[in-house]
Amino acid sequence: MQVAPEIKFHDVDRSQWVETYILERLNHLERMGNGITSAHVTLTQEQASNQKGNRYSLMVEVRMPPHKDLAAKKQKVIQRMDTQLPALINQAFSAIERQVKKNRGKDS
């Protein structure tokens with residue numbers, strides 16, 4: 001990547017294991033989508049009312065040449081961060097990986 005990946009946490013405590021896991025997924029994404037120039041990941045705890053657990057969303061945005069912006073957002077109600085948050089991260093990265101594969105090599 002030409003620009004260091006950016007990871008943001010909104011209403012979520014920044015934790016080393018979450019950040020490390022996201023960076024691992026970003027590294028994998030970069031290897032498969034050679035040419036990615038930048039990546040932004042945002043983990044947010046959404047406002048929820050009268051639900052069991054908290055709703056979280058993960059947005060992954062990447063830019064590929066020539067000026068192709070791709071994004072994927074997944075949401076999930078999470079009660080146990082240690083087991084359910086990695087699943088949310090995997091869902092979002094799987095979605096963006098499909099888009100990267102689809103757009104890899106296309107000239108627009």
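**View 1. Aspartate 11 in the loop between β1 and α1.** In this predicted model, in which local features need pLDDT of at least 70, side-chain atom pairs count only at pLDDT 80 or more, and totals for chains, interfaces and linings use all residues, the loop joining β1 (6-10) to α1 (16-32) contains aspartate 11. Residues are numbered from 1 along each chain as its sequence is written, and side-chain values use heavy atoms, with hydrogens and water left out. Although not a glycine, aspartate 11 has a positive phi of about 60°. Its relative accessibility is 58%, so aspartate 11 counts as exposed (exposed, over 50% relative accessible area; buried, under 20%; partly exposed, in between; 1.4 Å probe, protein chains only).

**View 2. Order of helices and strands in the chain.** Two helices and four strands make up the secondary structure elements (DSSP runs numbered from the N terminus: helices, H or I, at least four residues; strands, E, at least two). Their order along the sequence is β-α-β-β-β-α. The radius of gyration is 14 Å, close to the 13 Å that the globule rule gives for 108 residues, so the chain is as compact as a globular protein of that length (taken over C-alpha atoms; rule, 2.2 Å times the number of residues to the power 0.38).

**View 3. Burial and contacts within the chain.** Of the 108 residues, 37% count as buried. Among contacts (heavy atoms within 4.5 Å) between residues at least 6 apart in sequence, 58% join residues at least 24 apart.
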